[in-house]
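Please look over the sequence and the structure shown below before reading on. The report that follows takes up a few of their features in turn.

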Amino acid sequence: MKLTGPLERVLKVLVADPAAQHYGYDLMKAARLPSGTLYPMLARLQQEGLLDSQWEEQRPDAGGRPPRKYYRLTAEGARVARLELARASAEPGSKRNVAARPAHGTQGGAL
Amino acid sequence: MSRAPAVRRIAEWLIHAACRRLPADERGERCREWTAELPAILDDESVHPPFRRTLRALAFSAGISRTTRRLSRSSLAGSRRTRESQWRAGGLPARPSDLAVRVARGLVVWLVVVAGLVTLITVLGTGPHPSTWPLLIVVALGVGFDVYCLEDIARAAEVRYLRKWLWVVICLIQMPLGGILYLSIGRVGPARPVPPSSLS
């Protein structure tokens, strides 16, 4: 897994509390990413088994709001994310390097 | 429940259109996931003024459109042939109606342009010395855009749906909108060549 700027931001949000459940808009705001960047990334992470998703239980107090899909890191995902984030922060000037090379499955790695 | 049901409906419609790009087995679930985010966006109290929530919901839908394009290209969706058969198995129209999507895209661009122009006029026109020159700028921009469109029509070997002269009339009558409609619907860009079968 190559760490791009947007991916790094998403992983930081997820690692901050690995047990927390996040829905898409929540992650968009926390990582400050547009939906067109976030969702392809979530799909890829899920495909690689690093991310787990589940549907929200329909609550009576939701006011007819449709159930959301929540994402959470798997145990493997939390391990890999911590490792990658640690590696990225250990490398000086790593930001520029990761931004220059697009990660597999994403388009462009710009911040 | 929602503050702006019309906006929500438009955004939902855009997401549905985008989801038709996906293979049938993922389509329903993804579509439900993304439309379920809309209430959170439209009722997000931390975003002021409410108009920005509308823009955010529309930007969200546009991002979903990019997402499905990317997902359908990636290996997730498998080869082109399996995707085609999955589309058919889905019971929905095989593909998003190209025309409807293009019209919607054109309208969104038009809305953005009009909103931008209105902002420009109010910002420039309410200064200490209100004058007519902001209006002139807007008119100059519109004329410039129109000239660009007319030139494009004149150079194009082929245009879609209507005859060339009709597109010219539309561009001239509906100044900003006509040109945008032409570019979004009528233009045969280099990226979407006309299939040889329809030329012969």
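Where in chain B is the place of B:P49? In this predicted model, B:P49 lies in the loop between α3 and α4 of chain B, and the peptide bond that leads from B:H48 to B:P49 is cis, with an omega near -15°. As background, most peptide bonds are trans, and most residues other than glycine have a negative phi.

A:R32 is found in the loop that runs between α2 (24-31) and α3 (35-47) of chain A. Is A:R32 buried or exposed? A:R32 counts as exposed, because 11 C-beta neighbours lie inside 10 Å, and the cut-off for an exposed residue is 12 or fewer.

## The sheet of chain A

Strands of a sheet pair through backbone hydrogen bonds, in either a parallel or an antiparallel sense. In chain A, three strands form an open sheet in the order β1-β3-β2, and the pairing is antiparallel. The strands β1 (22-23) and β2 (51-55) of chain A stand at the edges with a single partner strand each, so one side of each is left without a neighbour in the sheet.

Between β2(A) and strand β3 (residues 69-73) of chain A, the antiparallel pairing extends over five bridges; within β3(A), A:Y70 is the bridge partner of A:Q54, and A:L73 is the residue that stands opposite A:L51. The strands β1(A) and β3(A), which also run antiparallel, are joined by two bridges, and here A:H22 has A:Y71 of β3(A) as its bridge partner.

## Two packed helices in chain B

Two packed helices are described by the angle between their axes and by the distance between those axes. For helix α1 (residues 5-19) of chain B and α4(B), the angle is about 5° and the axes are 8 Å apart. Because of this angle, α1(B) is roughly parallel to α4(B).

The contact draws on residues of α1(B) that include B:V7, B:A11 and B:L14, and on residues of α4(B) that include B:A57, B:F60 and B:I64. By class, the residues of this contact between α1(B) and α4(B) divide into 10 nonpolar, four polar and no charged.

## Where the two chains meet

How many residues does the contact take from chain B and from chain A? The contact takes 19 residues from chain A and 19 residues from chain B. On the side of chain B that touches chain A, at least two residues are supplied by each of α2 (24-35), α3 (38-42) and α4 (50-73) of chain B, and the largest share, eight residues, comes from α4(B). This side of chain B has 10 nonpolar, four polar and five charged residues.

On the side of chain A, one residue to look at is A:G36, whose place is in helix α3 of chain A. A:G36 touches B:G63, B:R66 and B:T67, not counting residues up to four places away in sequence, and A:G36 is partly exposed, with 19 other C-beta atoms within 10 Å.

Definitions and conventions
Residues are numbered from 1 along each chain as its sequence is written. Chains are lettered from A and ligands numbered from 1 in the order in which they are written. This is a predicted model: local features need pLDDT of at least 70, side-chain atom pairs count only at pLDDT 80 or more; totals for chains, interfaces and linings use all residues. Two residues are in contact if their C-beta atoms, placed from the backbone, lie within 7 Å. Helices (H or I, at least four residues) and strands (E, at least two) are DSSP runs, numbered from the N terminus. Ala, Val, Leu, Ile, Met, Phe, Trp, Tyr, Cys and Pro count as nonpolar, Asp, Glu, Lys and Arg as charged, and the others, Gly among them, as polar. A residue is buried if 20 or more other C-beta atoms lie within 10 Å of its own, exposed if 12 or fewer, and partly exposed in between; C-beta atoms are placed from the backbone. Two strands pair if DSSP finds at least two bridges between them. Axes are lines fitted to C-alpha atoms, for helices over the stretch in contact, and angles run from 0 to 180 degrees between N-to-C directions. Angles under 35 degrees count as roughly parallel, over 145 as roughly antiparallel, 65 to 115 as roughly perpendicular and the rest as oblique.
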